[in-house]
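The following explanation goes through the pockets and then the aromatic contacts. Please keep the model open while reading.

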Amino acid sequence: MVTIKSKREIELMKEAGRINALAHQAVKDAIKPGISTFELDLIAESVIRSHGATPSFKGYQGYKHAICASINEVVIHGIPNRKHILKKGDIIAIDIGTCYKGYHGDSAMTHAVGEISNEKQKLLEVTERSLYEGLKFAKAGCHLSDISHAIEEFVKQYGYGIVQEFTGHGVGQALHEEPSIPNYGKKGEGVILKEGMTLAVEPMINLGTSRVRILKDGWTVVTIDKKPSAHFEHTVAITKDGYEILTKLEENDV
Ligand code: MF3
Ligand code: CO
């Protein structure tokens, strides 16, 4: 069942999302050659806690950190590690979840470390754009898979690999709720979107093959051809005529 959130619930999710965005901003500001993903995790956790919230990922299915930090060929679920040190030319996907008064916000973005290759730059741009191409169909009356289809159609033009094993998802009192939201598919399928649904849409796009595998740590997802991958995600609420992004900063935060 896809739950409908009340105005009050959406306000709480917006606060969770705002704190999540503040954590993202602090991590982004700290990203530079020489810093470890372990340090980035500590930064995010301290921002989240300083706002009276908790990191959604910590303790989730045994995960021990506030963020996932996925460098280059790591698609998602990169585990923060003191030995994972950023260097110029890397790309790093940061995924963060925040729980505030029982409601979750979940978002991800991929950053360049210093100067990066043109092909990585293009991958980042296309992946971020694909999120917004999908969200054009995040409105009451559309079918869920219209979002999926739009992401696929947009990404296809560039010949990139769309990860199929992982999807976006509903989000609210649980980090993962129904429905799951693939980043590919036919239009006109799945639930009909209604005002008050809250969704995390998250394209994971590979420069090369779409195929991925999980490392022995049980978490880290990597491309099988070791080519880079990018990830962007926002939590949105469906409104009458479109969507509102919940995982963003408010005017006074900027
Ligand atoms: N942000 C991820 C998602 O969107 C969740 C990360 S898994 C965790 O599904 F264990 F780290 F929480
Ligand atoms: Co998510």
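Helices (H or I, at least four residues) and strands (E, at least two) are DSSP runs, numbered from the N terminus. This is a predicted model, in which local features need pLDDT of at least 70 and side-chain atom pairs count only at pLDDT 80 or more, while totals for chains, interfaces and linings use all residues. Residues are numbered from 1 along each chain as its sequence is written, chains are lettered from A and ligands numbered from 1 in the order in which they are written, and side-chain values use heavy atoms, without hydrogens and water.

A pocket is an open set of points, on a 1 Å grid over the protein atoms alone, where a 1.4 Å probe fits, with protein on both sides within 12 Å along at least five of seven lines; lining residues have an atom within 4 Å of a point. The largest pocket holds about 390 Å³ of space. Its lining has 22 residues, and those closest to the centre are Y60, H77, H169, H176 and E202. Two or more lining residues come from each of β7 (168-170) and β8 (177-181). By class, this lining has 9 nonpolar, 8 polar and 5 charged residues.

The second largest pocket holds about 240 Å³. Of the 14 residues in its lining, H24, Q25, K28, M109 and H111 are the closest to the centre. Here α1 (7-30) and β5 (103-112) each supply at least two lining residues.

Next come the aromatic rings. Rings of Phe, Tyr and Trp (its six-membered ring) pair if their centres lie within 6.5 Å; planes under 30 degrees apart count as stacked, over 60 as edge-to-face and the rest as tilted. There are 3 aromatic pairs. Y63 and W219 form an edge-to-face pair, because their planes stand at 70°, with the ring centres 4.8 Å apart. Y63 lies in the loop between β1 (54-55) and β2 (67-71), and W219, 156 residues away, in the loop between β11 (212-214) and β12 (221-223). Y63 is buried, at a relative accessible area of 5% (buried means under 20%, exposed over 50%, partly exposed in between, with a 1.4 Å probe and protein chains only).

The rings of Y158 and Y160 have centres 6.0 Å apart and planes at 20°, so this pair is stacked. Y158 is partly exposed at 30%, whereas Y160 is buried at 13%. Ring pairs join F154, Y158 and Y160 into a cluster.

Methods: Grid points are joined across faces, edges and corners, and a volume is the space filled by probe spheres set on the points. Ala, Val, Leu, Ile, Met, Phe, Trp, Tyr, Cys and Pro count as nonpolar, Asp, Glu, Lys and Arg as charged, and the others, Gly among them, as polar.
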